[in-house]
Amino acid sequence: MGVKGKLIGSVEVKCGGHLIHDLFHTNTHHIPNICRGKINHFEIHEGGSIKVGSVVSWKYNDDGKDKIVKQVIDAVDPQKKSITWKIIGGDLLQLYNSFTIITSCDKQWTTWTFVYEKKTEETPEPLVLLGFALDLTKDIEGHLLKK
């Protein structure tokens with residue numbers, strides 16, 4: 001059994017967290033156009049939209065390397081403006097036995113929570129990925145503020 005961990009990062013967004021959540025929940029397909037160079041492709045494989053049970057994949061560039069992640073939507077909470085994405089395939093599962101990402105938005109804040117189990121004690125904490133997620137949020141904020 002690997003080492004379990006939890007990493008949380010929040011970033012203030014001037015456009016309001018509800019707009020960030022709406023983009024992730026209902027207009028996810030726009031994110032590759034908004035975050036060029038970071039997100040290269042987004043696809044819904046099952047479910048037709050972001051809802052519990054939907055299977056999605058992302059192609060992204062992390063630290064100069066092209067990567068892929070496949071996820072199933074475990075939970076969507078419109079009241080808390082949160083989505084729980086459980087990773088079921090892709091590059092992260094080479095380092096982690098399990099990995100869940102929770103995005104939540106509250107007023108002026110967007111929070112990313114990573115819950116994971118490392119395959120070995122030497123596996124690094126996903127700090128680079130957290131930085132990537134926070135940068136992605138700021139890119140989305142910049143796009144929303146330009147409208």
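User: What volume does the largest pocket have?
Analyst: This is a predicted model, where local features need pLDDT of at least 70, side-chain atom pairs count only at pLDDT 80 or more, and totals for chains, interfaces and linings use all residues. Residues are numbered from 1 along each chain as its sequence is written, and side-chain values use heavy atoms, without hydrogens and water. A pocket is an open set of points on a 1 Å grid where a 1.4 Å probe fits, with protein on both sides within 12 Å along at least five of seven lines; lining residues have an atom within 4 Å of a point. The volume, the space filled by probe spheres set on the points, is about 280 Å³.

User: Which element gives the most to the lining of the largest pocket?
Analyst: Strand 3 (55–62), strand 4 (65–77) and helix 3 (127–146) each give two or more residues. Helices (H or I, at least four residues) and strands (E, at least two) are DSSP runs. With three residues, the top contributor is helix 3.

User: How are helix 1 and helix 3 oriented: roughly parallel or roughly perpendicular?
Analyst: Their axes, lines fitted to C-alpha atoms over the stretch in contact, come within 10 Å and cross at roughly 105°. Angles of 65 to 115 degrees count as roughly perpendicular. Therefore helix 1 is, relative to helix 3, roughly perpendicular.

User: Is Val56 buried or exposed?
Analyst: Val56 lies in strand 3. Buried means under 20% relative accessible area, exposed over 50% (1.4 Å probe, protein chains only). Val56 has 0% relative accessibility, so Val56 counts as buried.

How values were computed. Axes fitted to C-alpha atoms, helices over the stretch in contact; angles between N-to-C directions. Parallel < 35°, antiparallel > 145°, perpendicular 65-115°, else oblique.
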